[in-house]
Amino acid sequence: MVGAGPAGSSAAYWLARSGLDVVVLEKAAFPREKVCGDGLTPRGVKALEDMGIDTSPGAGWVRHKGLRVHGGGQVVEVDWPQLSRWPDYSLVRPRSELDAMLARHAEDAGARLHTGVTVTEPLLDDAGRVAGVRAQAGPGREPVTWRAPLVVSAEGLSGRLAKSLGLVRREDRPLGIAVRRYVRTKRTADDYLDISFDLSAQGPTRDSMPGYGWVFGMGDGTANVGFGLLDTRRGTGADHRETLRRWLDTFPAGEQLGEEHAVTPLRGAGLPMALHRQPAYSRGLLLAGDSAGTVNPFNGEGISYAMETGRMAAEAATDALAVPDGPAREAVLRRYPERLRAAYGRHHRLGMGFLALLARPDVVRFATAHGLKRPVLVNAALRLMGNLTDGRDGDGIDRAVAALTRLAPAV
């Protein structure tokens, strides 16, 4: 396992639970910073609960019951949907705490974690198949080699191992970028997560679309404030930090969201979307999370899908290692990319179409000004964008979303 973020730790946990010997190699030491909005939607809550993690407020989590959406001069509070398949609340926790906790959870299940290890390249056998990794470790950065029948890359956007096998990012898929900082503010405790499409006094602009800003109260006297441009291919080249600053300047000074209240520097990171690196399995290497580009194009959500695909990769590896090495094992492993496409491909295709509409400020201004006044439309949009429905077993909205999704070709 290369990488101990949500994807890597999830995969390690499920592999260890299956009784397999798992080594996790992480270049940083915990706790470590990670640029993120720190919010987990009900999808992420479900992934945590499936791993047996206590998500109660007493365990250090901050709960929110929905979103407060700003757009077209309108503001509406919308609760997470009441569904049988998903929880009805979201969570917030700093990534510096979340990632460390998930790594410990994998260790408790039996995985062996090594931090301060920088993986440099795959170790290939005579047939060109991945048989382990080469790395540098320790104070002197000594070269070290780990051998394994299968390797899972959870390295994030860099995807060094995948690139070594010729698996490069597809340029026709969206790549977003997010910038965020923590501020000390009165808006630290709130039942709702704030997201805004009105990123200037005039509303959405060409520099801010397709994207949105957020204010997520952390419950500790601070809030995570940021801006995400969901498709840089459509960007104007504007400074994302300046877009964030201009948006925060629209808030009253008493909200304490400006730079003068910052407690951390402004940091940025990429958002790899729409299964941008394919196939997600090749020659003994499985890709999970950002390495495979599993961020949701609708909203930039990545943690939930990282944990989900970490589990899928673990299940694929477990099934493969249960059969003899050779063609039978390869047949099992080749089903993993198809499982990802079946789970997310159609939804991501719809998300790419949504980004094309979101890139037009006039469309966003009209849709939010009129749509946010209609609760049924808001509820439907939240389910579609958040990938939160009961499918054909749900109500009329769920069945409509399911039908729409079936009509979309998979990416």
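Visitor: What volume does the second largest pocket have?

Guide: In this predicted model, where local features need pLDDT of at least 70, side-chain atom pairs count only at pLDDT 80 or more, and totals for chains, interfaces and linings use all residues, the second largest pocket has a volume of about 500 Å³. Residues are numbered from 1 along each chain as its sequence is written, and side-chain values use heavy atoms, with hydrogens and water left out. On a 1 Å grid over the protein atoms alone, a pocket is an open set of points with protein on both sides within 12 Å along at least five of seven lines, whereas a cavity is a set where a 1.4 Å probe fits but cannot get out. Points are joined across faces, edges and corners, and a volume is the space filled by probe spheres set on them.

Visitor: Which residues lie nearest the centre of that second largest pocket?

Guide: Lining residues have an atom within 4 Å of a point; here there are 20, of which Arg85, Ala343, Asn387, Thr389 and Thr405 lie nearest the centre. Helix H8 (335–358) gives the most to this lining, with five residues, helices being DSSP runs of H or I with at least four residues, numbered from the N terminus.

Visitor: How does the lining of the second largest pocket divide?

Guide: With Asp, Glu, Lys and Arg counted as charged, Ala, Val, Leu, Ile, Met, Phe, Trp, Tyr, Cys and Pro as nonpolar, and the others, Gly among them, as polar, this lining holds seven nonpolar, five polar and eight charged residues.

Visitor: How much space lies in the largest cavity?

Guide: The largest cavity holds about 30 Å³, and its lining includes Ala4, Val24 and Glu107.

Note on methods. Helix = DSSP H or I, 4+ residues; strand = E, 2+ residues; numbered from the N terminus.
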